[in-house]
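Subject: Structure for your review

Dear colleague,

Please find below the structure that I am handing over to you. My notes on what was found in it follow directly after.

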Amino acid sequence: MAGFGTLLWMSWSRVAVTFVLTVLLWPSLGAQPVSPSQQDRAQPAYDWLFLGGRVLDGSGNPWFLADLAVKDGRIAAIGDLGQARASRKVEMNGRFIVPGFIDLHSHADDSLRSSRGLRSSDPQRRAAPNLVSQGITTAVVNQDGRSPWPIAEQKSELIELGIGLNAVLLAGHGTLRGQVMGADFKRPARPDEVQQMRELLRQALAQGAWGVSAGLEYEPGRWSTTDELVELMKEVAAAGGVYISHQRSEGADPMWFWPSRSQNRPPSLLDAVRETIEIGERSGATVVASHIKAKGEHYWGASQAAIELIERARQRGVEVWADQYPYDTTGSDGSTVLIPRWVWRPASPGQETEEDDGEDAPPEAYGQALRSVLADPEAAPLLRRDVAHEIARRGGPDKIVVFDHPDPAMIGRTLSELAASHGISPVEMAFKLQLEGYGNRPGGARLRGFSLAESDIRRYARRPWTATASDAGIALPEDGAVHARYYGTFPRKLRRYAIERSVLSLADAVRSSTSLPARILRLSDRGLLQAGLAADLVVIDIDDLQDQATFFKPHQHASGVDFVLVNGRAVLDQGRLTGELAGRVLLPHRR
């Protein structure tokens, strides 16, 4: 018995020693017992906490000082949050925080060049670095009447691949025409064909399209009638969608028009705006006159008449809007060609043509074709008339600049300067550029025409119904010449037109880039900084904000954009691109 008592005593002693050692050593083992409430307090409350920011909420109201918290891809709270915990805290130090920019007219995914868009096999390109670095968090794609088909496949592909910003998909009017009419599109559609297009459009809307884009200055949309578009937009109106139109003309006449080729009066910008309004009024759809402008030195000032047309329609209750990029030059890559296509693609007088320029032409093809026309006493005067017309449409000889030519002395000079230095007219200088330039390139040189007037840009920019849009795709440095808008659109709108020139307030410039396009799209959970909405947001150092891209050096990211979050994840962190594929394909909430 005594032995058993000793053994029992030793066992209890071991338990006691173990207990004492456990209590003494527990802190050093890092496993303190805590209650559930203590455990909750030990975890970060938020993913991101931006402290002391100047909040421009996107509504157009002035900024206010507040903290902003992000949790699980959503804006969790706005207010005095200084004592809150977060995985990442950012001291704002006077910087602004604004909603992510919504690009109402984007070519981030282009059915003609899918390898250079959001469906690229290259994740660096799908991250859309030039777009997110300027604060764009949502891109409305499939513009100008072009879209992949069917929409469901594009949607699935984007989801599977992963994308750097959010995508809103449109159905292309030209694509619908192509599906129904094939190559026989140079005519109005028959009623039965319009009905087939309506059925396809209903399919696209059901698959996630937010509406329709049109390219009425291009084929095949150019050959459609207003009645055709009205019938299609009735489907868009029923779904609560949007119609975004590259209209039939953006100046005195369309890009396909040459005076020597047609005896009929071509549509003007004002005709095109009237048509867009008519489509909205008769169908009930929300309509957008896209990248609105007044193109050509002989048409500058026409913005005032276009504005009056739109505002009278809005007073009647037509939901008509516009979007705009804040630059005075058009064309993605600066390939202005002053010599008409019919020079190397002969057509009978009076026959309009949109044939391609023959990119695989032999080295001297364009020069030889030009010499042949100039030697023809009947064709040469027609050619000079057409070139003079194109020079005016591109802004005049003092607004057309040479960006590439075999003779370095030509580069950076205007057509007017070069003509004066050679003692010839601007029209003859255009011929000289072709004859002494690149023989296998139409025009012989890469030109850019600065064809828009600053006064028209300002008039459009200050209208409360004009949204900001880039009309830009995804670009990497190896892509060569691109428009500066690919990198600088949204910072330029804020810097040049709000801060420097006071065309509109900073709050209104932010609104034109955020809640206004959201309103046009009926995009309910983005475009504003409010608790519960998606955490698409941008942090801006307003003193440093500046578009850096130029037309000689376009591949330069804007300065002053410090953070960009897409769905709560950083795609730009302290000014550095992260490559995060944080975007989503956004689906409409049908009414």
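I begin with a pair of residues that are both buried, R125 and D479. Please bear in mind throughout that this is a predicted model.

Salt bridges

R125 and D479 are joined by a salt bridge, with 3.0 Å between their closest N and O atoms. The two residues come from distant parts of the chain, 354 residues apart: R125 belongs to helix α3 (residues 123-126), while D479 lies in the loop between β16 (466-468) and α16 (485-500).

A second salt bridge connects the side chains of R198 and E231, again at 3.0 Å from N to O. This pair also links distant parts of the chain, with R198 in helix α7 (residues 191-206) and E231 in helix α8 (residues 226-238), 33 residues apart. R198 has a relative accessible area of 16% and is therefore buried, as the limit for that class is under 20%. E231, at 26% relative accessibility, is partly exposed.

The side chains of R282 and E278 form a salt bridge at 2.9 Å, N to O. These two residues are four places apart in helix α9 (residues 269-283), so about one helical turn separates them. In general, an α-helix has 3.6 residues a turn, so residues three or four places apart point the same way.

Helices α10 and α15

How do the axes of helix α10 and helix α15 cross? The axes of α10 (residues 303-315) and α15 (residues 454-461) come within 9 Å and cross at roughly 20°. Because angles under 35 degrees count as roughly parallel, α10 is described as roughly parallel to α15. The crossing of α10 past α15 is right-handed. On the α10 side, the contact is made by S303, Q304, A306 and I307, and on the α15 side by D456, R459 and Y460. Sorted by class, the residues of this contact are three nonpolar, two polar and two charged.

The surroundings of T330

T330 is located in the loop between β13 (320-324) and α11 (365-374). Its relative accessibility is 8%, so T330 counts as buried. Leaving aside residues up to four places away in sequence, T330 touches K293, K295, Y325, R394, R448, G449, S451, L452, H483 and R485. One of these contacts, S451, is 121 residues from T330 along the chain, yet the C-alpha atoms of the two are separated by 7.2 Å.

Helix α17

Finally, I draw your attention to helix α17 (residues 506-513), which is mostly covered, with six of its eight residues buried. The buried residues of α17 are L506, A507, A509, V510, S512 and S513. They pack against two further helices, α16 and α18 (515-521), and against the strands β5 (96-99), β6 (101-103) and β16.

With kind regards

Note on methods
Residues are numbered from 1 along each chain as its sequence is written. This is a predicted model: local features need pLDDT of at least 70, side-chain atom pairs count only at pLDDT 80 or more; totals for chains, interfaces and linings use all residues. Side-chain values use heavy atoms; hydrogens and water are left out. A salt bridge is a side-chain nitrogen of Lys or Arg within 4 Å of a carboxyl oxygen of Asp or Glu. Buried means under 20% relative accessible area, exposed over 50%, partly exposed in between (1.4 Å probe, protein chains only). Axes are lines fitted to C-alpha atoms, for helices over the stretch in contact, and angles run from 0 to 180 degrees between N-to-C directions. Angles under 35 degrees count as roughly parallel, over 145 as roughly antiparallel, 65 to 115 as roughly perpendicular and the rest as oblique. A crossing is left-handed if the near helix is turned anticlockwise from the far one by less than a right angle, and right-handed if clockwise. Contact means heavy atoms within 4.5 Å. Ala, Val, Leu, Ile, Met, Phe, Trp, Tyr, Cys and Pro count as nonpolar, Asp, Glu, Lys and Arg as charged, and the others, Gly among them, as polar.
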